[in-house]
Amino acid sequence: MTQQPPIARLTGVRLDRGGRAVLRDIELSVPRGQVVAVLGPSGSGKSTLLAALTGELVPAAGSVEVLGQVVPQRSRDLLELRKSIGVLLQGNGLLTDLTAAENVALPLRAHTRLPNALIRRLVLMKLHAVGLRGAADAFPRELSGGMARRVALARALALDPPLMIYDEPLTGLDPIASGVIMSLIRRLNDTLGLTSIVVTHHVHETLPIADHAIVIANGGIVFSGTPEQLEATDDALIRQFLRGEPDGPIAFDAATRADEAA
């Protein structure tokens, strides 16, 4: 059987913000079908990497390929590519004056010409997939934080994207809601045949569902391997991050880390 090409590939990538190099010499290949955890301390460049994958940030050097093509810079081509990338934002981004079902329907109404009855059916299917079919007519203010995150997840899945990107999916959630979200990420990835990139600093909640882990620190990728390999490493920098120790190779102050990356 011929091996499928990676769903995303970064080659020799440098990413700048405000004239400063945030990430350098990034080499990354994301296999199809896996849950890949992109880990690292706050300010390490995880969100910058995400921005490159979605085309929001053009690399200063190197190439970023997603779904077999270099991420386009033309707005029309980029919009077409983004239909195939589901993104769960850490702030949810739900419109407060729309019900859960109406929020989930937004991508379908914006990018398809499906009849209303079919859109309603698809929306209910997506809400059912995240365990919230009964909350279809509820407004965001009537939902708990975890429920609102699941509605946002259903919306991200509305167009059946082959690639899902999760930006700090556990922000503001209690341990139970966090467990539900992580379980959903794994289950949906497997049942829907997705590839999932989870950008997070929540190590211990994320590793149990991940197939592969990447750690970003000090301006680059400092680890790439399985969760088991990550937990077994004796690298001082990675051990400091995993254990949450204030002293070590990773500077406590974000500005200091940025200066070191410059």
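**Entry 1: a loop residue**

I began with Asn92, which I found in the loop between β6 (85-88) and α3 (100-111). A reminder to myself: this is a predicted model. Is Asn92 buried or exposed? It counts as buried, because its relative accessibility is 12% and the cut-off for buried is under 20%. I then listed its neighbours, leaving out residues up to four places away in sequence: Asn92 touches Gly145, Ala148, Arg149, Ala152 and Arg155.

**Entry 2: the open sheet**

Next I traced the sheet. In what order do the six strands of the open sheet come? I read β6-β7-β8-β3-β9-β10, with mixed pairing. At the edges I found β6 and β10 (220-225), each of which pairs on one side only. From one strand to the next, the twist averages 15 degrees.

I looked at one pair in detail. β9 (residues 212-217) and β10 run antiparallel and are joined by five bridges. Here I saw Ile214 standing opposite Ser224 of β10.

Helix α1 (residues 46-53) does, touching β3, β6, β7, β8 and β9. I noted about 150 degrees between the direction of α1 and that of β8. α5 packs on the sheet too, with contacts to β6 and β7. Its direction makes about 170 degrees with that of β6.

**Entry 3: helix α6**

I moved on to α6 (residues 175-191), a helix of 17 residues. From first C-alpha to last it reaches 24 Å, close to the 24 Å expected at 1.5 Å a residue. At its start, I found a side-chain oxygen of Asp174 within 3.0 Å of the backbone nitrogen of Ile176. Just after the helix, Gly193 takes a positive phi of about 70 degrees.

Which residues of α6 are buried? My list reads Ala177, Ser178, Ile181, Met182, Leu184, Ile185, Arg186, Leu188 and Asn189. I followed their packing to β3 (35-39), α4 (116-129), α5 (145-156), β7 (163-167), β8 (195-200) and α7 (203-206).

**Entry 4: β1 and its partners**

Last, I turned to β1 (residues 8-17). How many bridges join β1 to β2 (residues 20-30)? I noted seven, and the two strands run antiparallel. Val13 stands opposite Ile26 of β2. Their hairpin has two residues between the strands, and there Gly18 takes a positive phi near 60 degrees.

I also found β1 pairing with β4 (residues 61-66), in the antiparallel sense over five bridges. In that pair, Leu10 stands opposite Val64 of β4.

Notes:
Residues numbered from 1 in each chain as written. Predicted model: local features only at pLDDT ≥ 70, side-chain atom pairs only at ≥ 80, totals over all residues. Heavy atoms only, no water. Pairing = 2+ DSSP bridges. Helix = DSSP H or I, 4+ residues; strand = E, 2+ residues; numbered from the N terminus. Buried < 20%, exposed > 50% of the residue type's maximum accessible area, 1.4 Å probe, protein only. Contact = heavy atoms within 4.5 Å. Expected span 1.5 Å × (residues − 1). Polar contact = N/O pair within 3.5 Å; in protein donor to acceptor, adjacent residues only side chain to side chain. Axes fitted to C-alpha atoms, helices over the stretch in contact; angles between N-to-C directions.
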